[in-house]
Amino acid sequence: MSIDVRPSEDAARFLATDQLVWFGEVGEADADHLRLGLPEDQRFVVDLPDGPDDRHSGIYGVRPMELALPGGALVPIAGLTWVGVHPDVRRRGVLSAMMADHLARTRDAGLALSALHASEQGIYGRFGYGMAALQLQVHLGRGTTFTAPHLEDEVAGTTTHLVDSSAPGATDRWRDCALAHAPDAPGTVVGSSDFIRLFGSESDAELRDKERRRILFARRDGRDTGAVMFRREHKWDDARPSGTVTAGLLTGGPAARLALLRRLVDLDLMGTTKVEAVATDDPVLDWVGGPRGTGTVKTWDSTWIRVVDLSAAWSQRTYEDDCDVVVEVADRHAPWNAGRWRLVASGGEGTASRVDAPADASLDVAVLGAGHLGRSVANLLRAGLVQEHRPGAYAALSRALRTAAEPEPSFGF
Ligand SMILES: CC(C)(COP(=O)(O)OP(=O)(O)OC[C@H]1O[C@@H](n2cnc3c(N)ncnc32)[C@H](O)[C@@H]1OP(=O)(O)O)[C@@H](O)C(=O)NCCC(=O)NCCS
């Protein structure tokens with residue numbers, strides 16, 4: 001049975017479906033999350049003939065976002081989000097139909113990549129998404145010492161300033177900072193101004209007793225050089241203050257980040273600073289002398305990337321090593337990518353062309369997504385997840401995809 005996916009015409013029904021799937025507390029602010037976070041023409045729905053009467057069978061949405069690639073290009077991408085299938089009709093192919101629809105629309109819109117954060121790690125690999133960036137969550141104790149002798153001059157000229165995230169223009173300032181820094185931090189994802197504004201416009205009902213997010217800006221020579229959003233939470237242990245600072249959406253160069261972190265771990269009445277998402281090779285671990293210089297370090301998957309248009313995607317980014325490899329690409333859900341491609345990286349630039357020559361390696365399109373932001377995918381041969389027909393060919397491909405720095409993780413979207 002073919003499942004029809006069509007644009008949403010009923011925002012209330014779309015929202016009600018999401019509220020059921022995600023079973024959170026329903027609040028007035030939910031409508032704002034939809035209005036500001038998801039353009040009306042980027043909401044799609046499924047209604048199965050025997051599906052629920054009062055809600056959709058499935059929904060999904062696309063946030064227009066920008067992604068920084070190796071080499072510094074900032075490209076528009078489709079940020080897949082609001083994916084949900086009514087519990088009554090799960091495992092009947094609704095998600096599969098929505099994914100086929102999403103990939104076709106993304107290609108028609110001329111976008112080479114789709115990106116997402118996965119609610120569960122087992123869902124999206126089958127649809128060709130690869131785990132492209134990991135993130136660390138790092139807990140730092142009050143007064144943690146950071147050692148970075150060659151950054152100190154720059155840090156000395158950097159000041160930090162606290163701003164309410166709801167202040168006019170505050171989230172746009174954060175966004176400008178992220179955009180300016182993105183080319184130096186491949187993997188950075190930046191959402192629309194409306195979407196970022198949501199981070200500073202939580203309603204009183206959402207906040208309850210929580211502090212509204214603040215933004216700490218780092219400034220040097222009269223310009224913003226970095227920023228982080230955070231909020232504090234009170235806690236008292238045997239009359240001793242031991243609150244938690246939760247810090248996310250950290251952006252800026254190394255000196256700005258160092259100045260921001262030093263300020264965060266020095267906030268009064270706090271015991272721990274929880275830095276939500278940094279790259280797996282973030283300098284913070286070196287500044288504190290290794291993982292044992294932190295409270296805890298946890299890791300999980302951040303951005304998943306789907307190469308929707310292989311040829312366009314291959315030439316959007318740059319390469320730190322050369323390769324010339326013929327790969328047989330399996331792509332069940334975007335058949336226009338499937339088949340044999342000659343992937344060349346030379347002098348930093350990439351070209352992908354269709355060929356009939358025998359394949360040097362066979363892989364699923366998800367492997368190209370996993371390596372697209374520069375994370376190493378060399379181990380996938382050892383893991384038995386790719387097949388090599390010419391010894392050394394896959395190693396050459398994975399060396400070309402790899403970048404010296406690990407990709408920057410993105411905030412959940
Ligand atoms: C995850 C979800 C969208 C799946 O929708 P669905 O319509 O049941 O999925 P489909 O029937 O199209 O399943 C497609 C395939 O994915 C698999 N799959 C679906 N959900 C899965 C999960 N959570 N983990 C692993 N595999 C999953 C199915 O088994 C099926 O596999 P097959 O192709 O080998 O047969 C749905 O269960 C849901 O809404 N969950 C709660 C919200 C959520 O997690 N949304 C995702 C946000 S990122």
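The secondary structure of the protein comprises 13 helices and 22 strands, where helices (H or I, at least four residues) and strands (E, at least two) are DSSP runs numbered from the N terminus. The structure is a predicted model, in which local features need pLDDT of at least 70 and side-chain atom pairs count only at pLDDT 80 or more, whereas totals for chains, interfaces and linings use all residues. Residues are numbered from 1 along each chain as its sequence is written. The radius of gyration, 22 Å, is close to the 22 Å given by the globule rule for 413 residues, so the protein is as compact as a globular protein of that length; the radius is taken over C-alpha atoms, and the rule is 2.2 Å times the number of residues to the power 0.38. Along its principal axes, the C-alpha trace spans about 65 × 55 × 40 Å.

An assignment of domains, automatic or from a database, divides the protein into domain 1 (5-111), domain 2 (135-301) and domain 3 (309-401). The C-alpha centres of domain 1 and domain 2 are 30 Å apart. Contact between these two domains involves 16 residues of domain 1 and 18 residues of domain 2, two residues being in contact if their C-beta atoms, placed from the backbone, lie within 7 Å. On the side of domain 1 that touches domain 2, helix H2 (29-37) and strand S3 (58-68) each supply at least two residues, and S3 gives the most, with six. This side of domain 1 has nine nonpolar, four polar and three charged residues. In this classification, Ala, Val, Leu, Ile, Met, Phe, Trp, Tyr, Cys and Pro count as nonpolar, Asp, Glu, Lys and Arg as charged, and the others, Gly among them, as polar.

Of the 413 residues, 44% count as buried, that is, with 20 or more other C-beta atoms, placed from the backbone, within 10 Å of their own. Residues up to four places away in sequence aside, Trp174 touches Ile196, Ile215, Ala227, Met229 and Leu249.

Around the ligand are 17 residues, of which Arg90, Val94, Leu95, Ser119 and Gly122 come nearest; a residue is near a molecule if its C-beta atom, placed from the backbone, lies within 6 Å of it. Seven residues of this shell are nonpolar, five polar and five charged. Strand S4 (74-85) and helix H3 (94-108) each contribute at least two residues to the shell.

Notes: Buried ≥ 20, exposed ≤ 12 C-beta atoms within 10 Å, placed from the backbone.
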